[in-house]
Amino acid sequence: MTDNADKPLKIAIVGAGLAGTILAALFEQLPGVNIIVLERREEEAEEQASATFGNAQNALKRSINLALSYRGIKPLDELNLTEEVLKMAIRMPKRVIHDSNDNIKLQPYGKGDETLWSVGRADLNKFLVRCISKPNSKVEVRTGHTLLSATEDGHCRFKGPQGEYIEQFDFVIGADGAYSRVRETMLRMGRVSFNRLFIKHGYKEFTIPPVKDANGNDQFALSEPEGIHIWPKGDLMLIALPNPDKSFTATLFAPYTTVYNVVTKDNDQQVMDFFRRVFPEALQYLPHVLENFRENPVGPLMTLRVDPWKLGKYMLIGDAAHAVVPFYGQGMNAAFEDAHQFYTLLKPRMAAAKTLAERRAAFDEVAEKFSARRKKSVDVLSDLCLEHYHDMASNTASWWYLLQHRLQNLLLPASVKNLYRYIAFSDVPYDDALVASKRTDALFHGALVTSLVGLALGVVGTAFVWKQKLLK
């Protein structure tokens, strides 16, 4: 490649899932770049019909619902896309906790207008693909192109609709998910550490269809549709997120050893016995439970780490670099934040670069610094996601947890965030958020002690006054 002022930086983004498309949309705004998105799927309908649920290379098959939060909305704001995206989303400002009698308790996630948004993965992914595929787009999108191999100098071998070919890029970004081919090529190239941990739980999705009202119109089957419904059962749980068509997508998180390896999908009696024993209060909302259990395979849950994220001309973002379990609802949000932070750091450097050599140097330096700092932050998120399962599956049903939650809202001002609010409703780096939340905990405990001491003094003072009156 010849260095000259007119030649743009040629960047390949492998993967047209959520991470790849949001990154491409942001990079389109950079000067002096040529963006090519390469996606292995060719026809969405064909891929959806043939892929194995949970292990699908196609992101559209891996999960139906996602929780969009502040970190994910920021890049949409940058692209002026938030309003359009939220039109296909439903507000979820609270948890809706179901007890064994199907009574519900509401737990607000935040304060004021802080809310999560339920959005369909397929709808959001297709929307972003359309955004980068418009006739006037500077992004080239190639479908049906599979990465086969790559060399250190940026030569990549792909298999496309017309056969195999080799093309050279200045940089290659792997946004191709937890089973990343870009990451596999990096592992073969040099000293890259990789760890994948499958947890003991898997997930299976179910549908809670809408019900008809007196006028024959579809309505949500569950009350309080603007919320994440949770049936906590200790080591397993069922959750449900609302959809715009008035249905809910329910997800059963359960251990392989005690559920998925024991309850046979083709044995209707075993399936019904399991739900009657563990989720009798939810069974009324699941008319297609047998069909769903039989037809929706179990999806594995994993957390993975890569070190470093960048090696020469190759780097990773999103699940390719840091897949996390879904219990904090941060998988998509973290991937979006990856893209936005990288773009924000890169933008002024690319604007100042005047030649291809300067663009290469600027991109290489920013990518190195970004990936090192971001990895430190997301490693903390990975641990928090694993820990948060206990909160959802057990603590949400605990009176002591509920009491602490209410006291925090009562005693602390809105400007003081707990850990969940730092994660979901701020852009404070995850590792800094953990540190800040510990200060919040200390402040809360101090306020609680002060309140209890004040209450005790009030009681003693009142008793003393009454004693004096009675002695007169």
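Select helix α1 together with helix α5, residues 121-132, and you will find that their axes come within 9 Å and cross at roughly 30°. That angle makes α1 roughly parallel to α5, a label used for angles under 35 degrees, whereas angles over 145 count as roughly antiparallel, 65 to 115 as roughly perpendicular and the rest as oblique. α1 passes α5 in a left-handed crossing; a crossing is left-handed if the near helix is turned anticlockwise from the far one by less than a right angle, and right-handed if clockwise. Show the side chains next: Leu18, Thr21, Ile22, Ala24 and Ala25 of α1 make the contact with Arg121, Leu124, Asn125, Leu128, Val129 and Ile132 of α5, where contact means heavy atoms within 4.5 Å. The residues of this contact of α1 with α5 divide into eight nonpolar, two polar and one charged, with Ala, Val, Leu, Ile, Met, Phe, Trp, Tyr, Cys and Pro counted as nonpolar, Asp, Glu, Lys and Arg as charged, and the others, Gly among them, as polar.

Before moving on, note that this is a predicted model, in which local features need pLDDT of at least 70 and side-chain atom pairs count only at pLDDT 80 or more, while totals for chains, interfaces and linings use all residues. Residues are numbered from 1 along each chain as its sequence is written, and side-chain values use heavy atoms, with hydrogens and water left out. The helices (H or I, at least four residues) and strands (E, at least two) are DSSP runs numbered from the N terminus, and axes are lines fitted to C-alpha atoms, for helices over the stretch in contact, with angles running from 0 to 180 degrees between N-to-C directions.

On the α1 side, look for Leu18, Ala19, Ile22, Leu23, Leu26 and Phe27, which meet Met332, Ala335, Phe336, Ala339, His340, Phe342, Tyr343 and Leu346 in α12. The residues of the contact of α1 with α12 divide into 13 nonpolar, one polar and no charged.

Glycine 329 is partly exposed, at 23% relative accessibility, since buried means under 20% relative accessible area, exposed over 50%, and partly exposed in between (1.4 Å probe, protein chains only). Draw a distance from the C-alpha atom of glycine 329 to that of isoleucine 423, 94 residues apart along the chain, and the separation is 9.6 Å.

Now select α3 (70-78), whose buried residues are Arg71, Gly72, Ile73, Pro75 and Leu76. Just after α3, asparagine 80 takes a positive phi of about 60°; asparagine 80 lies in the loop between α3 and α4 (82-86) and counts as exposed at 67% relative accessibility.

Lysine 246 also has a positive phi, near 75°, in a residue other than glycine. Find lysine 246 in the loop between β17 (237-242) and β18 (248-255), where lysine 246 is partly exposed at 27% relative accessibility.

For a backbone feature of another kind, select the peptide bond from aspartate 307 to proline 308, which is cis, with omega near 0°. Proline 308 sits in the loop between β19 (299-307) and β20 (310-311).

Finish with the cysteines: cysteine 131 is buried, with a relative accessible area of 14%, and cysteine 156 is buried at 0%. The structure holds zero disulfides, a disulfide being a pair of cysteine sulfur atoms within 2.5 Å.
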